[in-house]
Amino acid sequence: MSVVDINPNGPKHVAIIMDGNGRWATQRNRPRLFGHQAGAKRVRQAVETCPELGVKYLTMFAFSTENWKRTQSEVSGLMALFRRYIQREANYLHRLGTRVRFIGDREKLDKKLQALMDYLEKLTEKNDTTHLTIALNYGARDEVTRATQRLAVEIAEKRLLPEQVNSEVLASFLDTYVLPDPDLVIRTSGEARISNFLLWQSAYAEYEFIDTHWPDFTPEVFTSVVARYGSRDRRFGAVKA
C-alpha cells in the first residue's frame with residue numbers, strides 16, 4: 001500500500017536539503033567528492049519515488065551561495081559533477097516525464113554548465129509528471145535581494161506603484177514564482193537548521209530533520225518521512241472549532 005492510499009492529503013511539494021555527503025564519505029575513509037557522487041545517485045531515486053507518494057513538486061538544494069567558501073578542489077569537483085549529472089540524466093528524466101527547473105543566480109556559474117541547464121529546462125518544458133527544481137548557487141536572502149531589485153526597477157520605471165506591492169506581488173518576482181510553496185521540508189544528516197533555503201516560501205511548511213545522511217536516503221526513508229507528514233495538524237495560524 002502506498003502513502004497515497006494511506007493519506008490522500010499528503011504533501012504535494014517536498015523540498016529537501018541534501019546534507020551529509022561529505023560526512024558519509026569521511027566515515028568510509030573516502031574523499032568528500034565520493035560522497036557527492038553517491039548522493040547524486042539518490043536524486044534519481046527520489047524523483048522516481050515521487051509519483052507513488054503523490055508528490056508533484058520536488059525541490060532539491062544542490063549548491064548554496066555559501067558553498068563557494070569550500071576548498072577550490074571540492075567546488076571544482078562539484079561543478080564537474082553537476083555537468084556530468086545533466087549530461088547523463090537528461091534523457092532519462094525526460095522519459096520519466098519530469099520537468100526540470102533551476103533556481104538561483106546562474107550568472108556566477110561557468111558558461112558550459114549554464115548551457116546545459118538551459119538545455120535541460122528546454123528539453124523537459126512540456127513534461128508534467130513530476131516537477132523537479134534544483135537550487136544551484138541558491139540562497140534565500142540572495143533570492144529576495146534579487147527579487148527586490150527587480151521590483152525596484154518596476155517601480156522606478158512606473159510600471160508598478162509602491163502601494164500595489166503586497167506579498168503576492170513580491171512573491172511573483174522570486175525564482176519560484178511558478179511553483180506552489182513547499183508543504184514539507186526535509187533536511188538530512190542530523191542538522192536542525194534551514195541554512196538559507198526557501199525562507200519566504202517555507203513560512204508554513206512542515207519540517208523534518210532526520211539523522212540519515214543523504215547518500216543513505218532510500219525510497220523507504222522518503223516514504224516513511226512523507227507518511228509522518230500525514231499525522232501533523234496543519235492549521236496555518238487558525239484554531240479548529
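UniProt positions are given in the numbering used here, feature names are shortened, and annotations may be inferred rather than shown by experiment. The model is predicted: I take local features only at pLDDT of at least 70 and side-chain atom pairs at pLDDT 80 or more, while totals for chains, interfaces and linings use all residues. Residues are numbered from 1 along each chain as its sequence is written, and side-chain values use heavy atoms, with hydrogens and water left out.

**Entry 1: annotated site.** I looked up the "active site" feature in UniProt, an unreviewed entry, which places it at Asp 19 and Asn 67. A pocket is an open set of points on a 1 Å grid over the protein atoms alone, where a 1.4 Å probe fits, with protein on both sides within 12 Å along at least five of seven lines; lining residues have an atom within 4 Å of a point.

**Entry 2: Asp 19.** I found Asp 19 in the loop between strand E1 (13–17) and helix H2 (21–27); helices (H or I, at least four residues) and strands (E, at least two) are DSSP runs, numbered from the N terminus. Asp 19 is buried at 14% relative accessible area, where buried means under 20% (1.4 Å probe, protein chains only). Beyond four places in sequence, its contacts include Arg 187, His 213 and Trp 214, a contact being heavy atoms within 4.5 Å. The side chains of Asp 19 and Arg 23 make a polar contact of 2.8 Å. That term is a pair of N or O atoms within 3.5 Å; within protein, one must be able to donate a hydrogen and the other to accept it, and residues adjacent in sequence count only if both atoms are side-chain atoms.

**Entry 3: Asn 67.** I placed Asn 67 in the loop between strand E2 (57–64) and helix H4 (72–96). Asn 67 is also buried, at 15%. A polar atom of its side chain lies 2.8 Å from the backbone nitrogen of Ser 64.

**Entry 4: largest pocket.** I noted 31 lining residues, with Met 18, Asn 21, Phe 61, Ala 62 and Phe 63 nearest the centre. H2, helix H3 (32–53), E2, H4 and strand E4 (130–138) each supply at least two residues of this lining.

**Entry 5: second largest pocket.** Its lining includes Arg 99, Glu 121 and Tyr 177. I saw that strand E3 (98–103) and helix H5 (111–123) each supply at least two residues, and that E3 gives the most, with five.

Terms used: Buried < 20%, exposed > 50% of the residue type's maximum accessible area, 1.4 Å probe, protein only.
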